[in-house]
Amino acid sequence: MRLSLKAKLLSAALVSTLALTACSGGGGGGTGDGGGGGDGPVKITVWSWDGTVEKAVPGFEAANPNIKVEVVNAGSSQDEYQALDNAIQAGSGVPDLVMFEYFAVPYFAIPGKLADLGQFGAERFANDYVKAAWEHVTVGGKVYALPSDYGPSAMFYNAATFKKAGIEEPPATWDEYYEAAKKIRALGDGYYIAQDTGDPFFLLSLIWQAGGRPYQVDGTKVRIDFTDEGSKRAIAFWQRMLDEGLVNTKIRGWSDEWNRALNDGTLASQIMGGWLTATLPERAPKAAGDFRVALMPQWSEGEKVGSENGGSAFGIPEAAQHKEAAFKFLEYFTHGEGVAARVEAGAFVPNLSVLQSEEFRGKANEYFGGQQTGAVLAEASEIVGTGWQYPPFFEWARTIYEDIATPYYTSGRGSLAEILEQWRQRSAQYGNEQGFEVS
């Protein structure tokens with residue numbers, strides 16, 4: 001009964017006026033045998049903003065001539081989630097496969113909107129993925145999605161700017177990063193080691209690596225605490241960087257200004273997910289040959305601990321009509337023969353068979369000066385700290401972070417600790433309103 005009430009409340013919170021467009025035919029848009037497991041023709045619909053998924057379709061359809069696949073971009077993250085909830089509420093237009101950021105999996109799994117993939121034996125894949133990625137698709141001991149791409153945090157740095165500042169090697173520790181930031185700032189002319197206008201995912205990746213675990217989830221009980229030692233260490237470090245003016249707080253990520261600063265080298269580094277390897281060349285073509293990638297700086301010399309910043313998985317809605325056919329394609333492009341086509345197209349996947357292969361690790365990346373970036377990112381994937389959890393309502397929580405943080409970044413009044421405490425309070429209030437027990 002409690003779950004039923006929660007499902008209704010979560011649905012109500014997500015419902016928007018966003019009209020469901022003709023992203024899919026009713027109930028997956030298919031014709032045929034309902035479950036998609038028989039011999040009749042089936043058409044499955046996949047909602048994805050990952051362009052590499054389409055690369056796996058020709059091979060799958062050739063091997064499964066009775067299953068046709070339509071990949072539809074229903075919008076990125078929040079837009080797609082809202083459209084999915086609208087479709088579920090309307091009882092029509094529900095796709096057969098949907099892309100989710102890792103933190104959004106429990107948001108849909110707990111209210112019963114995602115199918116338990118245990119019915120297809122998905123547990124057998126557990127040891128084939130990076131452990132942290134598998135943890136993200138497992139909710140309450142059940143598997144609700146398969147990992148499709150991964151974002152181990154790494155440091156992308158402009159080696160030419162570093163050299164101009166007298167820095168020959170990328171900083172291996174955060175203390176070295178701090179010293180490097182001062183040298184780069186001394187170049188003047190708007191040079192900074194990084195920018196930040198209130199990115200919760202960056203700050204959380206810093207906390208994650210420092211050993212902080214601010215979210216503890218046990219069924220419907222959620223604890224939020226940004227005062228553990230790991231969290232305090234990360235928050236204090238970044239607060240120092242901000243207080244001393246070592247971070248550009250004017251340039252927003254993914255803006256035109258951000259592109260220009262990456263192109264001209266005035267932004268010297270980015271701590272982001274490994275997926276930046278694929279998008280940086282488009283954002284900063286003029287810096288081709290200057291960028292390199294390294295592991296995140298460590299909190300103590302000699303350590304090797306990492307964290308995540310992004311990544312996604314695919315799940316099957318409980319209301320999907322062709323679950324069996326959908327799982328066939330899901331297995332194909334996340335774990336089977338379809339993975340190679342996606343990797344060739346630039347996907348960074350959490351499959352150990354790929355990350356450990358010499359072909360992946362040894363391939364030179366011309367944009368990064370011929371560096372074998374796969375080897376670095378594979379290592380970054382292997383050292384991600386485990387045990388991180390997101391609250392089931394994180395999809396909502398992240399939407400309010402910017403509203404809370406912006407006044408600080410524009411005025412300088414306040415602190416990161418105050419922002420996080422306000423975020424904690426509002427998240428707890430919201431979570432409790434949804435039927436969780438949040439403390």
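The legends below describe close-up views of the cavity and pockets in a predicted model.

In this predicted model, local features need pLDDT of at least 70 and side-chain atom pairs count only at pLDDT 80 or more, while totals for chains, interfaces and linings use all residues. Residues are numbered from 1 along each chain as its sequence is written, and side-chain values use heavy atoms, with hydrogens and water left out.

View 1. The structure holds one cavity of 30 Å³ or more. A cavity is a set of points, on a 1 Å grid over the protein atoms alone, where a 1.4 Å probe fits but cannot get out; points are joined across faces, edges and corners, and a volume is the space filled by probe spheres set on them. The volume of the largest cavity is about 30 Å³. Its lining residues (an atom within 4 Å of a point) are F201, L204, S205, E308, N309, G310 and Y390. At least two of the lining residues come from each of helix 8 (200–209) and strand 13 (308–315); helices (H or I, at least four residues) and strands (E, at least two) are DSSP runs, numbered from the N terminus. By class, three lining residues are nonpolar, three polar and one charged. Here Ala, Val, Leu, Ile, Met, Phe, Trp, Tyr, Cys and Pro count as nonpolar, Asp, Glu, Lys and Arg as charged, and the others, Gly among them, as polar.

**View 2. The largest pocket.** A pocket is an open set of points with protein on both sides within 12 Å along at least five of seven lines. The largest pocket has a volume of about 1,400 Å³. It is lined by 49 residues, of which E101, F201, W254, W275 and N309 are the closest to its centre. Elements giving two or more residues to this lining include strand 3 (97–101), strand 6 (146–158), helix 11 (276–283) and helix 17 (394–411). Strand 13 gives the largest share, five residues. The lining divides into 21 nonpolar, 18 polar and ten charged residues.

**View 3. The second largest pocket.** This pocket holds about 730 Å³ of space. Among its 27 lining residues, V343, E344, A347, F360 and K363 are the closest to the centre. Two or more residues each come from helix 11, helix 13 (338–344), helix 14 (352–355), helix 15 (358–362) and helix 16 (373–382). The largest share, four residues, belongs to helix 13. Twelve lining residues are nonpolar, eleven polar and four charged.

**View 4. The pockets and the domains.** Domain 1 (42–151 + 310–356) and domain 2 (153–307 + 373–438) both line the largest pocket, so it lies between them; the bounds come from an automatic or database domain assignment. Both domains also give residues to the lining of the second largest pocket, which therefore lies between them.
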